[in-house]
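Try each task before reading its solution.

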Amino acid sequence: MSVELLDDLEAGELSVEFEGEEPEAVLEWAIERFAPRISISTAFQYDGAVLLHMAYAIDPSVEVFSVDTGRLPQETYDLIEAMRERYPELNLQLVSPDAATTSAMVGKHGPNLFYRSVENRLLCCQVRKVLPLTRHLAGLDAWITGLRRDQWATRSDIRKVEIDHDHGAIVKLNPLAEWTEEETRDYVRQHDLPYNALYDKGFTSIGCAPCTRPTQAGEDLRAGRWWWETNAPKECGIHCAIETGGLEHELRALVGDDD
Amino acid sequence: MASTARDAPTLDLVLKRNSVERLKREKSPLGILDELPALIAGGYEQVPEEDIVRLKWWGLYHDKPKIGTFMLRIKLAGGIVTPAQLRAIGEISNVHGRGEGELTTRQNVQLHYLELGALPDVFERLEAASLTSAGACGDTVRNITGCPLAGLAHDELFDPTPVIEEAAAFLYGHPTYSDLPRKHKISITACTDSCAAPEINCIGLVGALRNGEEGFGVLVGGGLSSVPRIARDLGIWVPKDEAVTVLVAILDEWREDLRYRVSRVKARLKFMIDDIGPEGLRARIEARLGRCFPDFTLPPAPPPGNHLGVHDGYVGVPVHLGLVTGDQMIALADLGHEVRLTRQQNLVVVTGDDISAELERIGLPVDASALRGDAIACTGEPHCNFSVTETKTRMDSLVRLLEDRFGREADGLRLHLDGCPHACAQHWVGDLGFQGTTVRDEEGRRRQAYDIFVRGSLDRPAAIGRPLFRRVPTEELDEAVVGLVQGWVGGRAAGETFRSFCDRSSDDELAQLAGREISVGRAA
């Protein structure tokens, strides 16, 4: 398998070499090296729009994928349509949860199970987000995320090139690692990129419709996601990006193994 | 090389790019201890993530899952612990933890499952026993390591313990040296081998005589984690009474250079050494201190010793997987002897008596195999948030397997197993290094697996191993390891080390022994 071409030694050295380099440099290198077995993971937030725009300019055929949990807000689907219009050759894969697993979960716990306990909410995240993600990654040599160091106090050392040991040791690229949220927004504005209409309605982080709500100015960011929960794992309370691998570790500890 | 003044970034850029630098300046992490009562009153739920990060400066990390309990890392400079201190640690573990403790590769003790509300009492008990966890984690000088036989070994050049104590007393909890670009690792030894592994520390002071005078050679820029480096010789000799002055001068040069604060990926001394070389750092140190030091290069050293067994003046005790219970720590304290922790997660008891029987009674048999004593595994499952595989439990089964198959024939083999690339168990420099990873099986199910590293070493010159076999499913690991060890046991010259055997064997020969294909690796 071609993924064997990159081991931890090489990934470590590359991660140092790419420090201070623009995101496009990482994308160009990665697409050249791994296409077509490389894909950009996006939840159609600002960072995803930036990566998609940059990658499309390098190679329009590069795959972009997103997990369609089945519970996304209408505004996110509208954005997907706007993206398809803006980028006519867009190679977009919408990945769905497994139908049988989902109906078994909903049959047992009900469609709004997540409001009832942290375990139920994590189970729902697992079935609707994590399992489709990990299944899709299993067919890739490399994936690209929009993870940034400024998203979590505890993840300030995200590398631009990593071996993803959570996911079969494929290569994981985080080209926006050095960027701030402001730089991301500025890029979207400057290039007039389509963005999620929910941002204009006070949303700071966008996920599934039932689990996300707008926050007021000055309100804790945690108020925007799973606001009803007490005793949820730390770091899963604000930006619970499935791309970090952290959620999967919590899931295995609290809900059990993922298979 | 980015070493001109023109390239130096502004503090504004540092603060824009690096959230931890912001966090440190907004509020001193060391000051978080004063806020404990308020944090406890508000409840764990309300503790901001930034304050969770600050708690690291007092040696506290989240256990897994992150729902309210902490790991505490207690620093023991040079690995030295008195009976009263050991008793205090055992009692904290029994009263506030779950009666367990871990000996670490930096000669710390770690306890798990401490609740936020217990921390004031925990810190009172530490203080009463003259123990500290200040700077055990965070951007600080981490525990200063040393040879566990300092002051005991008959063949050491001199006893470096006063230097270790002076450095620790000055640096631990010092606000200035608790705001380094990232963690900083120091080792100070004057023994005849490299058991404290100065080659993989940011700074290693290595005892050396010059014209009969006691002093140190200096190694700089070592470190493992995701981008491993073997330390390089600074090229100077430092008299013993100036050792801490030079140590601090290196730290000052390091912490003041903003180039290495922009990104935490490059915030280790090894990257400064990559950029300016040891000669560049030497010039800066000499300019800073306003004088020159004599040229000096450290001679080669033999492979690190493990100090196991009953000796004149001490008893080296293998601690399987570095795991001890609170009761064992208290029982050890009852014996009334000073104890030293070793890099190999073992103990040395300072006594002139043969206390094998007492140790056996405590559940720490002295006559365990050297294979068992040398084996190192990281904290890993179930405690660590980074690990993707079993670590100590997997090492346990590997050690038992090799003991069953080879008896004492496998003694001398150093097994190092980590659950993630951070390399707490130093898998890059083991005879056989293992790093946890995952594979998907034919049904698409996630399976634990390991990369196998060979040709790593802590001899001087030390060497970084290479992942020769990658993503070996845990179910197939035993067979590969037995094959490699069988090859060594059956094919070695008298006394030949595993490293030497691997160095003279081709990749293909090793692949044949392991029954696996080699990773295509970096040559491609």
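**Exercise 1. Overall build**

How many helices and strands does the secondary structure of chain B come to?

Solution. First, note the conventions. This is a predicted model, in which local features need pLDDT of at least 70, side-chain atom pairs count only at pLDDT 80 or more, and totals for chains, interfaces and linings use all residues. Residues are numbered from 1 along each chain as its sequence is written, while chains are lettered from A and ligands numbered from 1 in the order in which they are written.

Now count. Chain B has 16 helices and 19 strands. These are DSSP runs numbered from the N terminus: helices are H or I with at least four residues, strands E with at least two.

Next, take the size. The radius of gyration of chain B is 23 Å, close to the 24 Å that the globule rule gives for 524 residues, so chain B is as compact as a globular protein of that length. (The radius is taken over C-alpha atoms; the rule is 2.2 Å times the number of residues to the power 0.38.) Along the principal axes, the C-alpha atoms fill a box of roughly 60 × 60 × 50 Å.

**Exercise 2. Confidence**

Find where pLDDT stays under 50 in chain B.

Solution. Start with the average. pLDDT is the predictor's confidence in each residue, from 0 to 100. Its mean for chain B is 94, and 98% of the residues reach 70 or more. Then look at residues 1-6 of chain B: pLDDT stays under 50 there. Where pLDDT is low, the predicted coordinates should not be read in detail. Finally, the complex gets an ipTM of 0.91 and a pTM of 0.94 from the predictor.

**Exercise 3. One glycine**

Is Gly316(B) buried or exposed?

Solution. Find its place: Gly316(B) sits in strand β11, residues 314-317 of chain B. Apply the cut-offs: 20 or more other C-beta atoms within 10 Å means buried, 12 or fewer exposed, in between partly exposed, with C-beta atoms placed from the backbone. Gly316(B) has 22 such neighbours inside 10 Å, so Gly316(B) counts as buried. Beyond four places in sequence, its contacts include Asn306(B), His311(B) and Val348(B).

**Exercise 4. The partner chain**

Which element gives the most to the side of chain B that touches chain A?

Solution. Count the contacts: 44 residues of chain B meet 39 residues of chain A. Elements giving two or more residues on the chain B side include α1 (11-17), α2 (19-26) and β17 (432-440). β17(B) gives the most, with five residues.

How values were computed. Contact = placed C-beta atoms within 7 Å.
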